[in-house]
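Visitor: I have a model open and would like to go through its side chains. Could you take me through it?

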Amino acid sequence: MTETTPTAAPYGVPVGAGTPGQIRSTGMCILLAIVTFGIYSLFWYYKTHEEMKRYSGVGLGGAVALIITIVVGIVTPFITSAEVGGLYERAGKPKPVSGSTGLWYFPGAFIIVGPLVWFIKTNGALNDFWRSVGVTEG
């Protein structure tokens, strides 16, 4: 019988050893993004990337994601969906979103609904992942 070792993230942090993130209502996030003229979107990018990095030990982290969003915002939807998909992949589950999901955002922005579809898919997948590791809403 062979012994298996857990998959390790950089610096020896076992994947999934950190604290899971928070479930965020997709509808409330969209509403907050609208009433704050997009400021909430910056907060959302920061918090979700920070939570994914804290949980898995892999990814950009909040500060780097925020800087990328401010400087070259068009790449952030691709990166975010890829990192959410990576959480599933490292857990041995099929990825509901990937970097290509960012195509809903751009060039999807030209048909207006693209960014909404991207956000609903990506935030929904992230919420479902947090639920799968025991996070409850509230």
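Visitor: To begin, is glutamate 137 buried or exposed?

Guide: Glutamate 137 counts as exposed, at 55% relative accessibility. Buried means under 20% relative accessible area, exposed over 50%, and partly exposed in between, with a 1.4 Å probe and protein chains only. This is a predicted model, in which local features need pLDDT of at least 70 and side-chain atom pairs count only at pLDDT 80 or more, while totals for chains, interfaces and linings use all residues. Residues are numbered from 1 along each chain as its sequence is written, and side-chain values use heavy atoms, with hydrogens and water left out.

Visitor: Which side chain meets glutamate 137 in a salt bridge?

Guide: Arginine 131 does, with an N to O distance of 2.9 Å. A salt bridge here is a side-chain nitrogen of Lys or Arg within 4 Å of a carboxyl oxygen of Asp or Glu. Arginine 131 is partly exposed, its relative accessible area being 36%. Through shared partners, salt bridges join Asp128, Arg131 and Glu137 into one network.

Visitor: And where does aspartate 128 sit relative to arginine 131?

Guide: Both lie in helix 5, three residues apart, or about one turn of the helix. Helices are DSSP runs (H or I, at least four residues), as are strands (E, at least two), numbered from the N terminus. The closest N and O atoms of the aspartate 128 and arginine 131 bridge are 2.8 Å apart. Aspartate 128 is partly exposed, with 44% relative accessibility.

Visitor: How many salt bridges are there by that rule?

Guide: The count comes to three. One of them is between the side chains of arginine 24 and glutamate 51, at 2.9 Å from N to O. This pair links distant parts of the chain, 27 residues apart: arginine 24 is in the segment before helix 1 (26–35), and glutamate 51 is in helix 2. Arginine 24 and glutamate 51 are both buried.

Visitor: Changing topic, which residues make up the largest nonpolar core?

Guide: It has 12 residues, including Ile23, Met52, Leu87, Phe129, Trp130 and Val135. Such a core is a set of buried Ala, Val, Leu, Ile, Met, Phe, Trp, Tyr and Cys residues joined through side-chain atoms within 4.5 Å. Helix 2 (39–56), helix 4 (76–90) and helix 5 (114–132) each give two or more residues to this core. Helix 5 contributes the largest share, four residues. Another core, of six residues, lies apart from it and has Cys29, Tyr40, Trp44 and Trp118 among its members.

Visitor: Which residues lie nearest the centre of the largest pocket?

Guide: Ile30, Ala33, Ser41, Tyr105 and Phe119 do, out of 15 lining residues. Helix 1, helix 2 and helix 5 each give two or more residues to that lining.

Visitor: Is phenylalanine 37 buried or exposed?

Guide: Phenylalanine 37 is exposed, its relative accessible area being 79%.

Methods. 1 Å grid on protein atoms, 1.4 Å probe; cavity = no way out; pocket = protein on both sides within 12 Å on 5 of 7 lines; lining within 4 Å.
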